[in-house]
Amino acid sequence: MGSRIEHRGEFDGSLETVFAAVAGEEALRARLAALGGDDAKLLAYTAEGGSVRYELQHGIKAAKLPQAVRALHKGDIIVNRTQTWKRSGDEYTGRSDVSVGGVPGEISASTYLSPKGGKVLLRTTGEVVVRIPLFGGRIEEFVSEQVVNLLRHEDEFTAQWLAEHA
């Protein structure tokens, strides 16, 4: 069934400036250094015309995982995240796909970056699916909470980045 992800962030600046803070290579590297966890890396980055595609790696130490997850997965977790963005009229639309090493499931989300009322709105809607009988739902809820928490921290970083690079 899956657990839903819903998140909204709001930023000051032009669409292009906010997009560079959200999906620009320099901003991504800085964000990973600040928030990416252990073994965080920008694995790939391509930008052509109005499109951007990048792959990120995040690391989570086993000690930081809840007991229910540690019981099902031994050791640290590596999270791989692929994000695509494309200019579409007056906004950017995108897709994010996430896999967690050793966990049967995935996270997928649609992303939107659009001007609204003098601000730029970042919306993320998606779903976490974990295919583990009996425990999958509990893990999905934990992961969806963590994803929303990460998105909130990324928004805070982006707002700070915009303020420092204005």
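How many bridges join strand 6 to strand 7? The answer is 12, and the two strands run antiparallel. Some notes on the rest follow.

1. Ground rules. This is a predicted model, so to speak of local features pLDDT must be at least 70, side-chain atom pairs count only at pLDDT 80 or more, and totals for chains, interfaces and linings use all residues. Residues are numbered from 1 along each chain as its sequence is written, and side-chain values use heavy atoms, with hydrogens and water left out. Helices (H or I, at least four residues) and strands (E, at least two) are DSSP runs, numbered from the N terminus.

2. Seven strands make an open sheet, ordered 1-7-6-5-4-3-2, with antiparallel pairing. Two strands count as paired if DSSP finds at least two bridges between them. At the edges sit strand 1 (3-11) and strand 2, each pairing on one side only. From one strand to the next, the twist averages 15°. Angles run from 0 to 180 degrees between N-to-C directions, with axes as lines fitted to C-alpha atoms, for helices over the stretch in contact.

3. Strand 1 and strand 7 are antiparallel partners over nine bridges, and S3 faces V128 of strand 7.

4. Strand 3 then pairs with strand 4 over 10 bridges, and Y54 has Q83 of strand 4 opposite. Strand 4 and strand 5 (residues 91-100) also pair over 10 bridges in the antiparallel sense, where W85 stands opposite G94. The hairpin of strand 4 and strand 5 has two residues between the strands, and G89 takes a positive phi near 65°.

5. A residue to look at: D39. You'll find D39 in the loop between helix 2 (25-35) and strand 2 (41-48). Phi of D39 is near 60°, positive in a residue other than glycine. For context, most residues other than glycine have a negative phi.

6. Helix 1 against helix 2. The axes of helix 1 (residues 15-23) and helix 2 come within 5 Å and cross at roughly 45°. That makes helix 1 oblique to helix 2; the cut-offs are under 35 degrees for roughly parallel, over 145 for roughly antiparallel, 65 to 115 for roughly perpendicular, and oblique for the rest. Helix 1 brings A20, A21, V22 and A23 to the contact, and helix 2 brings E25, A27, L28 and R31. Contact here means heavy atoms within 4.5 Å. The contact residues split into six nonpolar, no polar and two charged.

7. Helix 4 (residues 136-164) lies across strand 1, strand 4, strand 6 (105-116) and strand 7 (119-130), and runs at about 10° to strand 1.

8. The cores. A nonpolar core is a set of buried Ala, Val, Leu, Ile, Met, Phe, Trp, Tyr and Cys residues joined through side-chain atoms within 4.5 Å. The largest has 22 residues, of which V18, F19, L42, Y54, W85, Y92 and L113 touch the most other members. Helix 1 is the top contributor, giving six residues to this core. Not counting residues up to four places away in sequence, F19 touches G24, V52, W85, Y92 and L113. There is also a second, separate core of 13 residues, which includes V79, V130, I139 and V147.

9. A109, in strand 6. At 7% relative accessibility, A109 counts as buried (under 20% relative accessible area, with exposed over 50% and partly exposed in between; 1.4 Å probe, protein chains only). Leaving aside neighbours within four places in sequence, A109 is in contact with G94, R95, S96, T124, T125 and G126. A109 and R123 lie 14 residues apart in sequence and 9.9 Å apart in space, C-alpha to C-alpha.

Notes: Ala, Val, Leu, Ile, Met, Phe, Trp, Tyr, Cys and Pro count as nonpolar, Asp, Glu, Lys and Arg as charged, and the others, Gly among them, as polar.
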